[in-house]
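Biologist: Please take a close look at the loops between the secondary-structure elements. I would like the backbone there first, then the charged surface.

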Amino acid sequence: MSEFSFIPESASTFAAQVDALFWLLVAVTAFFTTVISAAVLYFAIKYRRSKSPVAEPARSTLALEVTWSVIPLCIALFIFAWGADVFMHMNTPPAETLDIYVTGKQWMWKIQHPEGKREINDLHIPVGTPVKLTMTSEDTIHSFFIPAFRTKMDVLPGRYTTQWFQATRTGEYHLFCTEYCGTKHSEMIGTVYVMEPEAYDAWVAGGVAGLTAAEAGEQLFQGLGCATCHSPQSGARGPHLLGKYGTEQALEGGRTALFDEEYTRESILNPRAKVVSGYQPVMPSFQGQISEENLLRLIAYIKSIGADTASGEETE
Ligand code: CUA
């Protein structure tokens, strides 16, 4: 890594798209910088005071003004359209992704794989597979940046943000926090290991044979007493959660809400914010009683019994 490189290496499907847009911006900037600088220099010499009379005040010409307004407008709109296209692509994860949870805190990245494997400041992923990160912070604002993938997203306390990418090459790549988050912000770095899928499977299965994220979540679901009100056998106190994740929920007051990560989190920490239609606001808040990582495990469990799983059958 000692040799100088103008841009980071490219290791995701986004890299070529982002770089193409970047180089277009460089080319447009370089072109106009050159043309305008040359014109300034040329006119400064050609019309220098010692050889020229004092200039007449300039009169405006409609044609000229329209030209220098419309051409830059078209260039800017073209760049906007291209940028929006890349932006939408980067913000729309495919339906099938490997879901990995990330919790940022001063000053480390804690990462949890769906199979239960956990790591700190390292991220192991398989090559050629779309990976989606769901991220939150325990304290302040961080930002999760992998230059070789050209992806970066803020990691915020109190809510979830996501980013997705698909690595194209195996290898080791830098991972940075890119939001100044305190004294040791510059130490909040790590390594992304892109592995062959078989190697990833072996890695994820190796080490401590622990619970998967969803299984750990199910234990919490039982342990915290959620099952008392939220299982199909529990009667009418609270809505059961089988097959609910990913669906639209009818709420008291006529609104609806999508049952997603954010909704689950809010309903655990602030149950009265969105009460499901037909139920009383009797659930106690779990604010301050569940860590961010355990919240993510609960979500993994609720997701595993959600709408995407075979007609909501229970996973055991
Ligand atoms: Cu976390 Cu900077």
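Modeller: Start with W107, which sits in the loop between β1 (98–105) and β2 (108–112). Helices (H or I, at least four residues) and strands (E, at least two) are DSSP runs, numbered from the N terminus. The peptide bond from Q106 to W107 is cis, with omega near -5°.

This is a predicted model: local features need pLDDT of at least 70, side-chain atom pairs count only at pLDDT 80 or more, and totals for chains, interfaces and linings use all residues. Residues are numbered from 1 along each chain as its sequence is written, and side-chain values use heavy atoms, leaving out hydrogens and water.

Next comes N121, in the loop between β3 (118–120) and β4 (122–126). N121 is not a glycine, yet its phi is positive, near 60°. N121 is buried, at 19% relative accessible area; buried means under 20%, exposed over 50%, partly exposed in between (1.4 Å probe, protein chains only).

R150 lies in the loop between β6 (142–146) and β7 (151–155). R150 also has a positive phi, about 60°, although it is not a glycine. Its relative accessible area is 12%, so R150 is buried.

Now the charged surface. E196 is in the loop between β10 (189–195) and α3 (197–205). With a relative accessible area of 42%, E196 is partly exposed. E196 forms a negative surface patch with E115, E198 and D201. Patches are made of residues with over 30% relative accessible area and no salt bridge; like charges are joined within 9 Å, nonpolar side chains (Val, Leu, Ile, Met, Phe, Trp, Tyr) within 5 Å. A salt bridge is a side-chain nitrogen of Lys or Arg within 4 Å of a carboxyl oxygen of Asp or Glu.

Technical notes: Accessible areas come from the Shrake-Rupley method with a 1.4 Å probe; for residues, only the protein chains shown count as cover. Lys and Arg count as positive and Asp and Glu as negative; His and the chain ends are not counted. The place of a charge is taken as NZ of Lys, CZ of Arg, CG of Asp or CD of Glu.
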